[in-house]
Amino acid sequence: MSQTGQPQILFPYEAPPAAGETYEMAPGVWWVRLPLPLALDHVNIWVLDDGDGWTIVDCGLATEDSIAIWAALASGPFAGKRFRRLIATHGHPDHIGAARHLAQTFDLSLAATMVEWQTAVMRHGEMSGDALPGQTRFLIEHGYPAEKAARRSAFGKSITAMMSAPPELDSSFSHGDVVRFGQRNWRIIIAGGHAEAHASFYCEEDHILIAGDQILPRITPFVGVDWRTPEDDPLKTYLDSMAIFGELPVDTLVLPGHGLPFRGLPVRLGQMHKHHDVRLDSVIAGLDRPRHAFDIAGLLFPRAVGTGHERMALSESIAHLHYLLSHGRVGRTRDGEGVLLFERG
Ligand SMILES: [Zn+2]
């Protein structure tokens, strides 16, 4: 509680550990930070003490920098015991990108949801080739310039170079399973919206949530429509998942994939709902006439358009439009060229 009696968000540490350093967040649960050469410049890694070895949750990209940090960690703070298991919260490159390197270096096993592992394998394969016809069609249908749509995205290219193909999956888990690592039991919470089958891990006994990217303290996770599931409403899936986290105790220590660990989950969940409400209202306000999604992306994310992030901005804008569509707040038509237009409903 703050001095005014309002619940608030509390950060046990005001700043993250430096590269190669660690903070102990709870007995046997260590926080490590790895750099990302992206706009979002870091990812959090959790190293848990199994007694006879270490379990790692998430692993960063396969860049020279992060691989050097892994070597320093193995011979420094975590020397004496082996990294023996890697658990990935989801299949995005910043969380699973270095898995092959770690599997080869430390002979560790990999656990993830089957869907996330398969998605990572598929995306890795796709990102190294040309843009796929279905993706190109999807982009054009949403107003993306045709001359750019057939090219691979700059972001996709750069991220492929920093991710190795995921190694074999040794075990998988499902929603509600209880898995034991770091000498604690963790209940698996599978949720969609940010990734198809993102896993968070909740320790009932100690009120610790390894949240991955499902809940972040300051920024909101990316929620976008994928061209393979063009009619999806991932924002609804994402916001619905917040109800599961809303049932966790108020003093839960949240260990997020990016940003600082915190307590104050109910406050953060409220802020995230608010954030999306505001953004949905801006979409409605932006629909002063029928517009395609790429137009809306320019309104919501003006700085992203023209950069390597413009396709992510588009996909996030479509997610907001689909949410409004399924709530009857906007309608959808097609113009003479086949481009989808959204208008106030
Ligand atoms: Zn992430």
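Me: In this predicted model, how many bridges join strand β3 to strand β4?
Reply: Look at residues 42-49 for β3 and residues 53-57 for β4. The number of bridges joining β3 to β4 is 4.

Me: Which residue in β12 does Val-254 stand opposite?
Reply: Now we're in another open sheet of 6 strands, ordered β7-β8-β9-β10-β11-β12. Its edge strands are β7 (178-181) and β12 (262-263). Strand β11 covers residues 253-256 and pairs with β12 in the antiparallel sense over 2 bridges. Opposite Val-254 you'll find Phe-262.

Me: What is the arrangement of the 4 donor atoms around the zinc ion?
Reply: The protein donors are Asp-94 (OD), His-95 (NE2), Asp-213 (OD) and His-258 (NE2), lying 2.0 to 2.4 Å from the zinc ion. Along the chain they follow the spacing D-H-x117-D-x44-H. To count as tetrahedral, four donors need all angles between 85 and 135 degrees. The angles here are 87 to 163°, so the arrangement is irregular.

Me: Is Asp-94 buried or exposed?
Reply: The cut-off for buried is under 20% relative accessible area. Asp-94 has 12% relative accessibility, so this residue counts as buried.

Me: And what is the relative accessible area of His-95?
Reply: His-95 is another of the zinc ion's protein donors. This residue is buried, because its relative accessible area is 0%.

Definitions and conventions: Residues numbered from 1 in each chain as written. Predicted model: local features only at pLDDT ≥ 70, side-chain atom pairs only at ≥ 80, totals over all residues. Heavy atoms only, no water. Pairing = 2+ DSSP bridges. Donors = N, O, S within 2.8 Å, 3.2 Å for Na, K, Ca; no water. Tetrahedral: all angles 85-135°; square planar, octahedral: opposite > 155°, others 65-115°. Buried < 20%, exposed > 50% of the residue type's maximum accessible area, 1.4 Å probe, protein only.
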